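Welcome! Let us take a friendly walk through a protein structure, one step at a time.

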Amino acid sequence: MNEKINLKELQRKAWRSMFQDGLWDIFLGLLLFNMASGTLLDEMRISDGLRIGIYIGVEVLAMLLMFLGKRYITMPRMGTASFGQYGKVKRNRVQLLLFGSFLLGLIAWLAFSGGGELGVLGISRAYVGAIFWVVNMLVVFGLAGYFLDFPRLYLIGILYAIPIPLDIFIRQYWHTDAWAFPIFAVPSLIILGVGVVLFIRFLRNYPVVTQL
Amino acid sequence: MDTPETSSNLSPLTDVDRVIHEPARLSIVALLYVLVSADFTFIMNQTGMTWGNLSSHMTKLEEAGYLEVEKTFKGKRPNTMLKLTDKGRQAFTAYRRQMTQFFDEVPE
């Protein structure tokens, strides 16, 4: 029984090492920071098209950064491994989860965007949207963290869940949007900070190896 | 005084596969047993071995027919992929069984 547990632990340790380079944290931090910069763009007198263009551009840049960072910086230092069925099951679960979350998010955006109240419930659409956002973020990041065996995603999920309801709350009760940028920027900088520290530590611990 | 019967009780240990039994090679084989394949750098980082050490153990495992080594290039960089052969998997399974059996039978 003991050696069974140890082999599982060996496999788990090898799998978890794939997330120790901090690049996922940097990527997710950048996505949230993009939402923060979106609040600044809202205040500028630019067209919706340009605003969306900038937003998508930064998202693509973050994705590109992660892909290139993995390919040219961390993979040559850490090496690569194929986990077979073990990795495939984990990846499939997360892909299904992200697809479901995207679909639900789209439905929620269509249902709750715009002002006014929800007729049946008599509560603000913005509140319902915010509740939906919190639940979605906690469930998606929580389950992804569990499926991928990547516990930092639990913290990232909480940091993603906070800004939107807090922003709505402050706008509603203090009638100001002055706090919008820091509300989004602070959690994103926490995630980015963790990612950068992990990345620097990774570079120190894993020198480039010339293979045989 | 040892009797022939006592010596035969030790035979599972003396018959053990010495290629796998060496601790460094055991850690390589155990790691590759739970993976489909991995490259040289990954194994080196996971086992904490030096380049030369891993290289010499890799050669011994390859000579025993337990390891399949594929040398390719990733862009301009050489890449060495390691994979346990069926013979290697069977040998590790047999080793596990043998060791478990031996230690299970040792009285407390």
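Which residue's side chain meets that of A:R12 in a salt bridge? The partner is A:E9, with a nitrogen-to-oxygen distance of 3.7 Å. Keep in mind as you look that this is a predicted model. Side chains of opposite charge can pair when their charged atoms come close. Both residues sit in helix α1 of chain A (residues 2-16), and because they are 3 residues apart there, about one helical turn separates them. A:R12 is partly exposed, at 30% relative accessible area, and A:E9 is partly exposed too, at 40%.

Now follow helix α1 of chain A to A:R16. The side chain of A:R16 meets that of A:D149 in a salt bridge (3.8 Å, N to O). A:D149 belongs to the loop between α5 (125-148) and α6 (152-161) of chain A, so this pair ties together parts that lie 133 residues apart in sequence. Is A:D149 buried or exposed? With a relative accessibility of 12%, A:D149 counts as buried, because the cut-off for buried is under 20%. A:R16, at 27%, counts as partly exposed.

Another salt bridge in chain A joins A:R51 to A:D48, whose closest N and O atoms are 2.3 Å apart. These two residues lie in helix α3 (residues 48-78), 3 residues apart, or about one turn of the helix. Over all chains, the whole structure holds 7 salt bridges.

Next, turn to the place where the two chains meet. How many salt bridges are there between chain B and chain A? The count is 0. On the side of chain B that touches chain A, α5(B) supplies the largest share, 6 residues. That side divides into 15 nonpolar, 8 polar and 5 charged residues. In total, the contact takes 28 residues from chain B and 24 from chain A. About 2300 Å² is buried between the chains, with carbon and sulfur atoms giving 56% of that area.

Finally, look at the strands. Strand β1 of chain A (residues 81-82) and β1(B) run antiparallel and are joined by 2 bridges. Here A:S82 stands opposite B:S37. B:S37 counts as buried, at 12% relative accessibility. Beyond its neighbours within four places in sequence, B:S37 is in contact with A:A81, A:S82, B:M81, B:L82 and B:K83.

Notes. Residues are numbered from 1 along each chain as its sequence is written. Chains are lettered from A and ligands numbered from 1 in the order in which they are written. This is a predicted model: local features need pLDDT of at least 70, side-chain atom pairs count only at pLDDT 80 or more; totals for chains, interfaces and linings use all residues. Side-chain values use heavy atoms; hydrogens and water are left out. Contact means heavy atoms within 4.5 Å. Buried area is the accessible area (1.4 Å probe) that two parts lose on being put together, summed over both. A salt bridge is a side-chain nitrogen of Lys or Arg within 4 Å of a carboxyl oxygen of Asp or Glu. Helices (H or I, at least four residues) and strands (E, at least two) are DSSP runs, numbered from the N terminus. Ala, Val, Leu, Ile, Met, Phe, Trp, Tyr, Cys and Pro count as nonpolar, Asp, Glu, Lys and Arg as charged, and the others, Gly among them, as polar. Two strands pair if DSSP finds at least two bridges between them. Buried means under 20% relative accessible area, exposed over 50%, partly exposed in between (1.4 Å probe, protein chains only).
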